Amino acid sequence: MDFPVIKASGYILVHTPNILKEGGSTQTTTRAKNPDDEYLKKLDDYLRSFEEVVSYAPNQAYIGNILPDELKNIKQPWYEEQNFVEGNRYGDSGEIMPEDEFYALIKHVDVFDLVKLSSDFIAEVESKVAEHPILKEMEIELGEGEKKSELEALLDNQAEPLYLNEELVGCVKKAHESDVNLNAHTILENLVAKASAVLSLKNMAVKNDIDLTEIDYVLECSEEACGDINQRGGGNFAKAIAEMAGCVNANGSDVRSFCAAPSHAVVNAAALVKAGIYDNVVVVAGGSVAKLGMNGKDHIKKEMPVLEDTLGGFAVLISNNDGASPVIRTDIIGRHKVGTGSSPQAVISSLVTDPLDENNLGIKDIDKYSVEMQNPEVTKPAGAGDVPESNYKMIAALGVKRGDLERKELMDFVKEHGMPGFAPTQGHIPSGVPFIGPAAKMMREGQIEKAMIIGKGSLFLGRMTNLFDGVSFVIEKNSGVKKQENSVSDKEIKNMIAGAMRQMADNLLGETE
Amino acid sequence: MDLENQQRIKDLADKHGAENLVVILGGAEAEASGLACETVTNGDPTFAGPLAGVPLGLACYHVVEPEIKSEIDDQVYDDQISMMEMVLDVDAIVEEVKTYREKYSEYK
């Protein structure tokens, strides 16, 4: 059987401490209750610098400069200076962008003139844009900019501010007089999701030498909704992103399922390619403003930096088998079904052991499992524990119950088949997909053969169902054998055989004559 | 504890009477389970939700506690919960929940 492949991937982070302060849901709800809240006053003292974010080991793992497993050898807490790693803002798979460059990108992706930047800021950031390897190719026109007084007037008219080092450098205007779906905050969230997705897609293309004009279809899988009062989730971020990234031959659509969406999207993309409908399908998602600083109160309580200061984004290209890139085993798909139930045991069975059983594989046949790869330094202080480790323990415990492994092997399994969490807690972003890039690298280097990517989603948050959701798929090292196109048809073969037999008969006749 | 859930529990207690309600927790962590138990017995300790200052005194157990486990069909428990028993720090959870139940629950 021939399978589609993971042709390329890109991973980006954007350091956005000011958007965190202004737009993160924990901060906005706290401010609405009490603008003088102690937490808001303290926040500045606990925010990290760009350099600190770049030197933070999990971030270097996310953009592909170190493998997730290498985090095991780096002392924790990773956020303490003595445990910083050599930081490079550019990575093998992507980059970490500072907030000022990102403001320029938000302005660039805004096609409705809703983002206004100050002329002073534009004068400063233009040189950075001109030097950035990707932005400089994007023909970014920032215009002349606004006077500060003009920005302040817009803030009085419900625009969302864009700050940099305490300085007002721009704003995002509301896009409608009264429609809450188009208010300034929603537009900011959506433009941020769009801009960070474009950056992910561009990085994927540049780092892997992909021509974006060859992309046929884009599936966007974030957790944002764009629309207006009459169609709140009207959608198609995908096409808006494709347009900005230069995918002129692409169409697209959005896939939603909370944090499970990226896995659904990759499975859908693989199906489109395998069916022959499209040759090159991109799965892409940008970051979430709301989740910035989500656990900030707990972090400050524990006297540690507010670590949820980066937006995350990713892009993955699924294409026809090239005989080299990791294949997506479309015959090993795990699904959380409506009737599965929501106990962890039922969920893990449906996503992990059911698809393996159907293919006569054991739990240990998968070299690495990628689950919800949230960085544990973010979640543990907030009482949510080490999420990846809990998932690995659950998979191992299920293995013990089934007899795949001995009880005493449980923690060894966690160590060998798992990895430390390294992704920002941006909901859909940590959900299985961050390991696609590292897995491809490990397969190239012969370290692993098979990896299972698991996406899970909390559908009940939308109050439409109490159900949970999840999808899993297996990626595997390419055997190097591409399915040969039937270059010779059956009819031609018959003709060739007939020809050979005729020739033999002629020879025999010749011999008897 | 989730504010929405606090309201739901408060409404159920108002409707059926606190003495007729048992809260069964499924939290994966001792601290969080203890917090939930404290909330439905002595009120929301974070003073953020509808149960702030409302000591309902409900009976409250974690699903892995023997009192509840013994009530569940063995096969169902094996299918749904036994895997998690291997993963969770059951002793710590039981200890934590029990502490708050014994201290604040009026319907043990």
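This is a predicted model: local features need pLDDT of at least 70, side-chain atom pairs count only at pLDDT 80 or more; totals for chains, interfaces and linings use all residues.
Reader: Let's start inside. Is strand 8 of chain A buried or exposed?

Author: Buried means under 20% relative accessible area. Six of the six residues of strand 8 (residues 280-285) of chain A are buried, so the rest of the structure largely encloses this strand.

Reader: How do I read the two faces of a strand, and which residues sit on each side of strand 8 of chain A?

Author: The general idea goes like this: in a regular strand the side chains alternate between the two faces of the sheet. In strand 8 of chain A, one side has Asn280(A), Val282(A) and Val284(A), while the other has Val281(A), Val283(A) and Ala285(A). Those residues are all buried, so both faces are covered.

Reader: Which strand pairs with strand 8 of chain A in the parallel sense, and which in the antiparallel sense?

Author: The parallel partner is strand 6 (residues 217-220) of chain A, joined over four bridges. If you want a spot to look at, find Val218(A), whose bridge partner in strand 8 is Val282(A). The antiparallel partner is strand 9 (residues 310-319) of chain A, and that pairing runs over six bridges. Here you can look for Val281(A), which stands opposite Ile318(A) of strand 9.

Reader: Now a helix. How many residues of helix 6 of chain A are buried?

Author: Eleven of the eleven residues of helix 6 (residues 99-109) of chain A are buried, so this helix too is largely enclosed by the rest of the structure. The buried residues include Phe102(A), Tyr103(A), Leu105(A) and Ile106(A), but also Glu99(A), Asp100(A), Glu101(A) and Lys107(A).

Reader: Some of those carry charge. Which residue forms a salt bridge with Lys107(A)?

Author: General idea again: side chains of opposite charge can pair when their charged atoms come close. The partner of Lys107(A) is Asp113(A), with the closest N and O atoms 3.6 Å apart. Lys107(A) is buried at 16% relative accessible area, whereas Asp113(A) is partly exposed at 40%.

Reader: What are Asp100(A) and Glu101(A) linked to?

Author: Asp100(A) and Glu101(A) belong to a network of salt bridges that also takes in Arg89(A), Glu95(A) and Lys128(A). Over all chains, the structure holds 33 salt bridges.

Reader: Can we do one in chain B? Which side chain meets Glu85(B) in a salt bridge?

Author: That would be Lys69(B), at 3.1 Å from N to O. Glu85(B) lies in helix 5 (residues 82-87) of chain B and Lys69(B) in helix 3 (residues 66-69) of chain B, so the pair ties together parts that are 16 residues apart in sequence. Glu85(B) is partly exposed, with a relative accessible area of 24%, and Lys69(B) is partly exposed as well, at 33%.

Reader: And in chain A, how far apart are the closest N and O atoms of Asp254(A) and Arg256(A)?

Author: They are 4.0 Å apart, and the two residues form a salt bridge. Asp254(A) is partly exposed at 22%, and Arg256(A) is partly exposed at 35%.

Reader: Which residues form the nonpolar patch in chain A?

Author: Ile493(A), Ile497(A) and Met501(A) do, with about 290 Å² of accessible area together. Ile497(A) belongs to helix 18 (residues 490-512) of chain A and is partly exposed at 48%.

Reader: Last topic, the backbone. Where is the cis peptide bond?

Author: Between Gln76(A) and Pro77(A), where omega is about 0°. Pro77(A) is in the loop between helix 5 (57-62) and strand 2 (94-97) of chain A.

Reader: What is the phi of Glu139(A), and of Asp209(A)?

Author: Glu139(A) has a positive phi of about 50°, although it is not a glycine. You'll find Glu139(A) in the loop between helix 7 (119-131) and helix 8 (148-156) of chain A, exposed at 68% relative accessibility. Asp209(A), not a glycine either, has a positive phi of about 55°. Asp209(A) lies in the loop between helix 9 (184-208) and strand 6 of chain A, and is exposed at 73%.

Conventions
Residues are numbered from 1 along each chain as its sequence is written. Chains are lettered from A and ligands numbered from 1 in the order in which they are written. Side-chain values use heavy atoms; hydrogens and water are left out. Buried means under 20% relative accessible area, exposed over 50%, partly exposed in between (1.4 Å probe, protein chains only). Two strands pair if DSSP finds at least two bridges between them. Patches are made of residues with over 30% relative accessible area and no salt bridge: like charges are joined within 9 Å, nonpolar side chains (Val, Leu, Ile, Met, Phe, Trp, Tyr) within 5 Å. Accessible areas come from the Shrake-Rupley method with a 1.4 Å probe; for residues, only the protein chains shown count as cover.
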